[in-house]
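Student: Could we go through this model together, one topic at a time, with the criteria stated as we go?

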Amino acid sequence: MRIGKKERQQRILQELQIHPHVRVATLAERFDVATETIRRDLDALSENGLIKREFGGASAQPMGHQPDLAQRQMTAVAGFERIGIMAGTIIRPGDVIMIDAGSTVSQLAPYMAQNPGALRRTVLTNCYAVVHGMGEQAVIDDVIMCPGQFDPRENAVYGNDTVEFLRRFHANKAFIGASGVAWQGFSDVNRRAVAVKRAMMERSDETWLMVDHTKFDQRYLENIAPLEALTGVITDRLPPEKLLSHLDRIGVQIVAWQDNVSADQGAIAG
């Protein structure tokens, strides 16, 4: 059975995470579509900054490149909002939490808005998408927007003012994203974002990494921290076996949207 355009393009992106170059003819045969269909897919992905178009095919974007927030949300994996739902179950009434900027972590805000706690929660963020996602819940919970230099590509603020502001506070939990997760650590293409993530981790009792399965076994420009710095990873699918075993060995919890995982690998939503 043929798949739709959005899913086909998502699979092309996943293929480029494994192989640095893909050819039009190979993709057309794999997806059972015309070569012109694949060319249109590659042209669309290239226009959105997700791939680099080349003669006869395409290649992955360089390690230091990332499309903007809106583009990442448009091409997000199906069901990635479930990651926000699972993260929301970890938050307790009265918690102080920090949420950084990103297409995945911003999924947490709508869930919080729909599930108010018995006690006022405090949310510190550098992301306008998170603030907007909280909606009218901001009347009940305390929502604090960090100062800093605005980046329209990420709909967020960064810089020394942001980092120094965060260091004034203490939080129960930090929820952060990353461009890639590998056994060497978790990393990001945005160096200014890395500084904010580290500040949030430094000021929080727990750090939860929110990533979809396409981020596993990927490495990008700057390492944020070793995996040992994490309390847990919240994701839509389990990591590959080698990475999963490593996370289990160092005591990092795995919260995944599927049922067939033992309790010692973390809370499971399904």
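Tutor: A nonpolar core is a set of buried Ala, Val, Leu, Ile, Met, Phe, Trp, Tyr and Cys residues joined through side-chain atoms within 4.5 Å, where buried means under 20% relative accessible area, exposed over 50% and partly exposed in between, with a 1.4 Å probe and protein chains only. This is a predicted model, in which local features need pLDDT of at least 70 and side-chain atom pairs count only at pLDDT 80 or more, while totals for chains, interfaces and linings use all residues. Residues are numbered from 1 along each chain as its sequence is written, and side-chain values use heavy atoms, with hydrogens and water left out.

Student: Which residues touch the most other members of the largest nonpolar core?

Tutor: In soluble globular proteins, nonpolar side chains tend to be buried together. The largest core here has 58 residues, and the members touching the most others are Phe175, Phe186, Leu209 and Ile234.

Student: Which helix gives the largest share of this core?

Tutor: Helices (H or I, at least four residues) and strands (E, at least two) are DSSP runs, numbered from the N terminus. Six residues of the core, its largest share, come from the helix spanning residues 191-202, namely α9.

Student: How many residues are in the second, separate core?

Tutor: Among the members of this second core are Leu13, Ala28, Val33 and Leu50. The number of residues in this separate core is 15.

Student: What is the order of the strands in the open sheet?

Tutor: Two strands pair if DSSP finds at least two bridges between them, and β2 is joined to β3 (residues 57-60) by four, the two running antiparallel. The edge strands, each pairing on one side only, are β1 (21-23) and β2 (51-54). The open sheet of three strands therefore has, with the pairing rule of at least two bridges and antiparallel pairing throughout the description, the order β1-β3-β2.

Student: What angle does the direction of helix α2 make with that of β1?

Tutor: Contact means heavy atoms within 4.5 Å, and helix α2 (residues 24-31) packs on the sheet, touching β1, β2 and β3. Axes are lines fitted to C-alpha atoms, for helices over the stretch in contact, and angles run from 0 to 180 degrees between N-to-C directions. For α2 and β1, the angle is about 70°.

Student: Over which residues is the pLDDT below 50?

Tutor: The predictor's confidence in each residue, pLDDT, runs from 0 to 100, and the protein averages 85, with 86% of the residues scoring at least 70. Where pLDDT is low, the predicted coordinates should not be read in detail. The stretch with pLDDT below 50 covers residues 259-270.
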